[in-house]
Amino acid sequence: MPQDEVARINAAGGQLKGAKAWTPTSSSAPAELGVTKVNIDTDGRLVWTRVHREHFIEHPENFDLRPVGKIFMTEYAKFIAGKNEKLGSAGQLEAVRKMLAAK
């Protein structure tokens with residue numbers, strides 16, 4: 001679990017205790033060894049939780065999920081792009097297209 005996300009969630013009223021994290025370098029090591037599936041769902045849910053907690057603390061009068069949903073989508077896109085960089089899959093779209101076209 002990304003410790004920066006855990007810290008922000010806890011600062012916004014969360015109570016995540018004992019959450020352990022992989023370092024950015026430890027998550028790239030499996031990719032370098034050929035691992036093709038890395039579970040990142042928990043990290044993504046932390047982003048969702050953090051965005052919503054922070055938003056509703058800053059805007060307690062708001063009950064509409066659409067504005068915070070837009071914030072989440074932007075933050076989640078940044079999260080996914082960062083994971084793609086760390087895991088070595090960023091910039092591989094053309095290689096994937098060529099591989100698929102060859103089949």
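Biologist: Hi! How many residues apart are Glu 54 and Arg 50 in helix 3?

Modeller: Glu 54 and Arg 50 are four residues apart in helix 3, so about one helical turn separates them. A helix here is a DSSP run of H or I with at least four residues, numbered from the N terminus. This is a predicted model, where local features need pLDDT of at least 70 and side-chain atom pairs pLDDT 80 or more, while totals for chains, interfaces and linings use all residues. Residues count from 1 along each chain as its sequence is written, and side-chain values use heavy atoms, without hydrogens or water.

Biologist: OK, and what do Glu 54 and Arg 50 form?

Modeller: They form a salt bridge, with 3.9 Å between the closest N and O atoms. That term means a side-chain nitrogen of Lys or Arg within 4 Å of a carboxyl oxygen of Asp or Glu.

Biologist: Is Arg 50 buried or exposed?

Modeller: Arg 50 is buried, at 4% relative accessible area. The cut-offs are under 20% for buried, over 50% for exposed and partly exposed in between, using a 1.4 Å probe and protein chains only.

Biologist: Which residue does Asp 41 meet in a salt bridge?

Modeller: Asp 41 meets Arg 45, at 2.8 Å from N to O. Both sit in helix 3, which covers residues 41-58, and they are also four residues apart. Arg 45 is partly exposed, with 47% relative accessible area.

Biologist: Which residues do shared partners join into one network?

Modeller: Glu 5, Arg 8, Arg 50, Glu 54, Glu 75 and Lys 78 are linked that way by salt bridges. The whole structure holds nine salt bridges.

Biologist: New topic! Which residues make up the largest nonpolar core?

Modeller: Six residues do: Ile 40, Val 47, Val 51, Val 68, Phe 72 and Phe 79. Such a core is a set of buried Ala, Val, Leu, Ile, Met, Phe, Trp, Tyr and Cys residues joined through side-chain atoms within 4.5 Å. Helix 3 and helix 4 (65-87) are the elements giving it two or more residues, and helix 4 gives the most, three.

Biologist: And what is Val 47 in contact with?

Modeller: Leaving aside neighbours within four places in sequence, Val 47 is in contact (heavy atoms within 4.5 Å) with Glu 5, Phe 72, Glu 75, Tyr 76 and Phe 79.
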